[in-house]
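Please look over the sequence and the structure before reading on.

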Amino acid sequence: MINRAAELIRESSNPVIFSGAGMSRESGMRTFRGEEGLWKEYSPEQLSSIAGLRENPGLVWDWYRMRLIAGENVVPHPGYHALTYLQEQKGYLPVITQNVDGLHRLAGQTDVMEIHGSMRTASCMDKCGFSAQLTAELFHTGPPVCPDCGAILRPDIVLFGEPLPPKVISRSYELAESCDLMVVIGTSVQVWPAAGIPFAALESGAAIIEINPVQTELPRGDRVISIREKAGEILPVLTGFKERT
Ligand code: APR
């Protein structure tokens, strides 16, 4: 199965990567679901929704401060570097990610669609136009406020109940419907409309390689290869990437 997957990647003429929180697990970021999932301890409605941010900005910003600090020293693991190596081999490798940690770009991938936004910046809740790089210092004394209008700032991620960025999501579906291979890495495939992207690829005739230690909602079938391995370990094998020592 591993050899077949490596062959599919080698032979693919227009592969697309689709990733979720499990892609960053071996860089030290927690996933949302599964054994140590964040949503086991915290409520997404309270912490990752517009209503929650308006009702209790202090709690929500404490949460993002915690995640930002957790993400400050996080670096891409070899699985990320393997994708950059594949991008060099293919000359082009679109990456559709649900993650907001910026690690695909940090590892050198150049065509990254962050369909759930990014934790790297914050903007004015009242949309007055202010935006800034998001660092923990910005809000060590409580929720950051807009210097221009005094409203609280919000992280530039898609909160529950908000629409995904229209251009990014439509391009993501176009890529899914035209690729010949989608490598689906570290996602429980449960949060729509993002979760529909691998299904769109499969329905359009693409082959799917799924990398996830546990089974997900993705259907089984002769065009789906499910590799029950960790992304950081198996991506270097599948792509032939060797860490430069
Ligand atoms: N390598 C590959 N996959 C892994 C690894 C690993 N080392 N460790 C865990 N996983 C898998 C888990 O088995 C799980 O299926 O990663 C998946 C992570 O699933 P979720 O935590 O649900 O993350 P994700 O699918 O990205 O969630 C989608 O939900 O809460 C929202 O906005 C949030 O973008 C997120 C969205």
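**The antiparallel sheet**

Three strands make up an open sheet, in the order β5-β4-β6, and their pairing is antiparallel. The edges are taken by β5 (131–133) and β6 (153–157), each of which has a single partner strand, so one side of each has no neighbour in the sheet. On average, neighbouring strands of this sheet are turned by 35° against each other, direction ignored. The model is a predicted one, and the values given here were computed from it.

Strand β4, residues 117–124, pairs with β6 in the antiparallel sense over four bridges. Two residues of β4 can be followed to their bridge partners in β6. G117 has I157 as its bridge partner in β6, and S123 has R154.

β4 also pairs with β5 in the antiparallel sense, here over three bridges. On this side, A122 stands opposite A132 of β5. The hairpin of β4 and β5 has six residues between the strands, and K127 takes a positive phi near 55° in this hairpin.

Is β4 mostly covered or mostly open? It is mostly covered, with six of its eight residues buried. Helix α4, which spans residues 57–72, lies across β4 and β6 and runs at about 50° to β6.

**The parallel sheet**

A further open sheet consists of six strands in the order β3-β2-β1-β7-β8-β9, with parallel pairing. Its edge strands are β3 (112–114) and β9 (224–227), and each of them pairs on one side only. From one strand to the next, the twist averages 15°.

Within this sheet, β1 (residues 15–19) and β2 (residues 95–97) pair in the parallel sense over three bridges. I17 has V95 as its bridge partner in β2. Helix α8, residues 196–203, packs on the sheet and touches β1, β2, β7 (181–185), β8 (207–211) and β9; its direction makes about 155° with that of β7. Helix α9, residues 231–239, lies across β7, β8 and β9 and runs at about 140° to β8.

| Helix | Residues | Reference strand | Angle |
|---|---|---|---|
| α4 | 57–72 | β6 | about 50° |
| α8 | 196–203 | β7 | about 155° |
| α9 | 231–239 | β8 | about 140° |

**The two domains**

The protein is divided into domain 1, which comprises 2–29, 75–116 and 163–239, and domain 2, which comprises 33–72 and 126–157. Taken over C-alpha atoms, the centres of domain 1 and domain 2 are 27 Å apart.

Where the domains meet, seven residues of domain 1 are in contact with six residues of domain 2. Between them, domain 1 and domain 2 bury about 500 Å², and 55% of this area is on carbon and sulfur atoms.

How many salt bridges does the rule find across the interface of domain 1 and domain 2? It finds one. The side chains of R25 and E36 meet in a salt bridge, with a distance of 2.5 Å from N to O.

Technical notes
Residues numbered from 1 in each chain as written. Predicted model: local features only at pLDDT ≥ 70, side-chain atom pairs only at ≥ 80, totals over all residues. Heavy atoms only, no water. Pairing = 2+ DSSP bridges. Axes fitted to C-alpha atoms, helices over the stretch in contact; angles between N-to-C directions. Contact = heavy atoms within 4.5 Å. Buried < 20%, exposed > 50% of the residue type's maximum accessible area, 1.4 Å probe, protein only. Domains from an automatic or database assignment. Buried area = accessible area lost by both parts, 1.4 Å probe. Salt bridge = Lys/Arg side-chain N within 4 Å of Asp/Glu carboxyl O.
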